[in-house]
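This report covers the overall fold of a protein chain and then one of its elements. The sequence and model come first.

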Amino acid sequence: MTLMQRIRGWVPEIVSLLLFVVLTVALANGHLLALDLRVADWVDTHRPAPFYWTLRVFNYLGQGGQVLTPVAIILTAFATWRLRSVRPVLLFGSAYALFYLTIGPLKIWFDRAAPHFEGANREILFNPDPLATGSLSMSYPSGHVANALAWYGVIAVLINALLAQPMPDKAYLALRILPPAIVFVTTTYLAFHWITDSVAGLLLGLILTRILARVAVLLGFRPRTRTAAPVSP
């Protein structure tokens, strides 16, 4: 099965977008806010200090600026050299631009404070508190969770470009599933984000990763797993 066969159709993207819209409308109308508060308050009282630092380290798997972007830049440089092509640069640029034009503006527009914000109405969207500005009001949706879905897809494509043989299926699945799952849990458990922030990041991350998979196909990258049908050069 080729990569294009795996991403044929737009049903997953449409469903994810509709679910994101439904979730956002629900939050804007005051629904699910009690759930967010209960989860955030519970994890704050059930988080031993040693456990906190373990979670903090694992949470860096979704850190874009400090982890994912540098890793992707290094892989892009090596893949560009190995393939003697600008295709890896175009893939990296597409991913960076896509995040810059989607997740960033949404976080600013929804203006939601993080769980540890000490002002009033910390859980609502479009927070009117004048102190809830800048990084203190960019909680929704979770960029870490979206990063972990989309950027590891890009990383998988770049790694395959560097390998003589396609990545083994188990390694590919581990790279695509484990980081998003770990980041979702740690981001929520550390109360860096409300749980609905993490769900929103997951929904948008799915859309972005499928769009980037299409970009990879258009750029001519090979299928990603050993079970994929061979593609002639």
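## Overall fold

The protein chain has ten helices and zero strands, where helices (H or I, at least four residues) and strands (E, at least two) are DSSP runs numbered from the N terminus. The model is predicted: local features need pLDDT of at least 70, side-chain atom pairs count only at pLDDT 80 or more, and totals for chains, interfaces and linings use all residues. Residues are numbered from 1 along each chain as its sequence is written, and side-chain values use heavy atoms, with hydrogens and water left out.

The C-alpha trace spans about 60 × 40 × 30 Å along its principal axes. Of the contacts (heavy atoms within 4.5 Å) with a separation of 6 or more, 79% join residues 24 or more positions apart.

## Burial

Of the 233 residues, 44% are buried. Buried means under 20% relative accessible area, exposed over 50% and partly exposed in between, with a 1.4 Å probe and protein chains only.

## Helix α7

Helix α7 comprises residues 103-110, of which Ile103, Lys107 and Phe110 are buried. These three lie on the same side of α7 because they cover an arc of only 80° around the axis, the arc being that of the directions from the helix axis to the C-beta atoms. Ile108 and Trp109 are exposed on the other side of α7.

The cover over the buried residues of α7 includes α2 (11-28), α6 (87-101), α8 (143-162) and α10 (195-218). Just after α7, Asp111 has a positive phi of about 50°.
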